[in-house]
Each structure stands twice: as C-alpha cells, then as structure tokens.
Amino acid sequence: MPAQPRSELPLPGPAAEAPDARLLTEAVTRLRRALRASIRTDYPWEKLPMAQVELLQVLGEHSPARISDLAARQRLAPSTVSGLIGQMIATGLVAREVDSADRRASVVTLTDAGRDQLAAWTTAHERRMDAALASLDDADRAAIAAALPALFQLAEQLGQLDAGANAG
C-alpha cells in the first residue's frame, strides 16, 4: 500500500485511494501550482509567463540554441517558441544572433538582463522552497531528500518515453 501524503489537507475524492502514479501526478500538480502562486509573495512584480521562464531555464543550460532545438527540448511547436522568443527579445531577455556554425541560421542567447531575471526568479523560488521545507518535520525532510534521485530518474524516464513516442 503506497504511503499517503502527510498533509493537513485531505486529498479530493478517489485520489485518496489512488495508485502511486495518480498520487504522484496530484502531488506534482499541487507543488507546481503552489510554487507558482507562492512566488508572487517574494517576487510580486514578476509577471513573466511560465513558458518564458522555462525558455530562460533551457537557455541558461543550453545557450546559444536554435529555435528548433528549443522547441524540441520544450516539446512545443517552433512557431510557438518563435513567438515567445520574439516577446523576450522585445523585453531584452534574449538576443538573436547569427549561428557561427551556419551563417544562414540564427541562434538565441541569454542577455545579461535575461541571466539576471533567471537568477532572481530561481533565488525567489529557492527561498520559498527553503521556507516550506523548514516548516516540515525531520522525517518529512528526510523522505523528500531520499526521493530526489528517484524523481530525477523518473523525469528522465518520462523524457525517454516521450522521445521514443515522437521518433516512431
């Protein structure tokens, strides 16, 4: 029997007796929603859409990058990414440059403003997460710490499943 969340809030309806996959999906959804909402407390002036934040994160790890590569990494249509990048260029978060490997193509890079924005966003999220973790008891913090490697592996497996489905 899977361990049930030790939250003060009851799980809605049938999720209380759901299998691990359903409980994990619910937990991840709640965490993302709570993290997005809580960031406004420490960072109320932040109005950057999550899709742009995620592109900044990818560019923080893989820059410079072509629009097609960003789209593939984010599993979005190239036209969607192109539109987001256009908005981010207009606000000075990213810049478009000629690809040194293929002068006919362009790549996107983070600007200093984009790096600063990403760092501030990340710091604010870490601060909120640190405060929430500090409010948990030692056993819950240890359980979360112990689960992190498996959660990263699960994300990797989901990515591989997605890549396999898109290749076929």
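# Briefing: fold, core, salt bridges and surface patch

Of the 168 residues in the chain, 23% are buried, where buried means under 20% relative accessible area, exposed means over 50%, and partly exposed lies in between (1.4 Å probe, protein chains only). The structure is a predicted model, in which local features need pLDDT of at least 70, side-chain atom pairs count only at pLDDT 80 or more, and totals for chains, interfaces and linings use all residues. Residues are numbered from 1 along each chain as its sequence is written, and side-chain values use heavy atoms, with hydrogens and water left out.

**Overall architecture**

- The chain contains six helices and two strands; helices (H or I, at least four residues) and strands (E, at least two) are DSSP runs, numbered from the N terminus.
- Read from the N terminus, the order of elements is α-α-α-α-β-β-α-α.
- Among contacts with a separation of 6 or more, 46% join residues 24 or more positions apart, a contact being heavy atoms within 4.5 Å.

**Nonpolar core**

- In soluble globular proteins, nonpolar side chains tend to be buried together.
- The largest nonpolar core holds 20 residues, of which Leu 56, Leu 70, Ile 85 and Val 94 touch the most other members; such a core is a set of buried Ala, Val, Leu, Ile, Met, Phe, Trp, Tyr and Cys residues joined through side-chain atoms within 4.5 Å.
- Two or more residues of this core come from each of helix 2 (50-61), helix 3 (67-74), helix 4 (78-90), strand 2 (102-110) and helix 5 (112-134).
- Helix 2 gives the largest share of the core, with five residues.
- Leaving aside residues up to four places away in sequence, Leu 70 touches Leu 55, Val 58, Leu 59, Ala 65, Val 81, Ile 85 and Val 108.

**Salt bridges**

- There are seven salt bridges, each defined as a side-chain nitrogen of Lys or Arg within 4 Å of a carboxyl oxygen of Asp or Glu.
- One of them joins the side chains of Glu 54 and Arg 32 at 3.3 Å, N to O.
- Because Glu 54 lies in helix 2 and Arg 32 in helix 1 (residues 20-42), this pair ties together parts that are 22 residues apart in sequence.
- Glu 54 is partly exposed at 22% relative accessibility, and Arg 32 is partly exposed at 40%.
- Another bridge, at 3.7 Å (N to O), brings together Arg 66 and Asp 102.
- Arg 66 sits in the loop between helix 2 and helix 3, and Asp 102 in strand 2, so the pair links distant parts of the chain, 36 residues apart.
- Arg 66 is partly exposed at 28% relative accessible area, whereas Asp 102 counts as buried at 19%.
- Asp 102 also forms a salt bridge with Arg 104 at 3.0 Å, N to O; Arg 104 is exposed, with 77% relative accessibility.
- Arg 66, Asp 99, Asp 102 and Arg 104 belong to a network of salt bridges.

**Nonpolar surface patch**

- Leu 24, Val 28, Ile 144, Leu 148, Leu 151, Phe 152, Leu 154, Leu 158 and Leu 161 make a nonpolar surface patch of about 810 Å².
- Patches are made of residues with over 30% relative accessible area and no salt bridge, with like charges joined within 9 Å and nonpolar side chains (Val, Leu, Ile, Met, Phe, Trp, Tyr) within 5 Å.
- Helix 1 and helix 6 (138-167) each give two or more residues to the patch, and the largest share, seven residues, comes from helix 6.
- Leu 151 lies in helix 6 and is partly exposed, at 37% relative accessibility.

Methods:
Areas by Shrake-Rupley, 256 points an atom, 1.4 Å probe, with all protein chains shown as cover.
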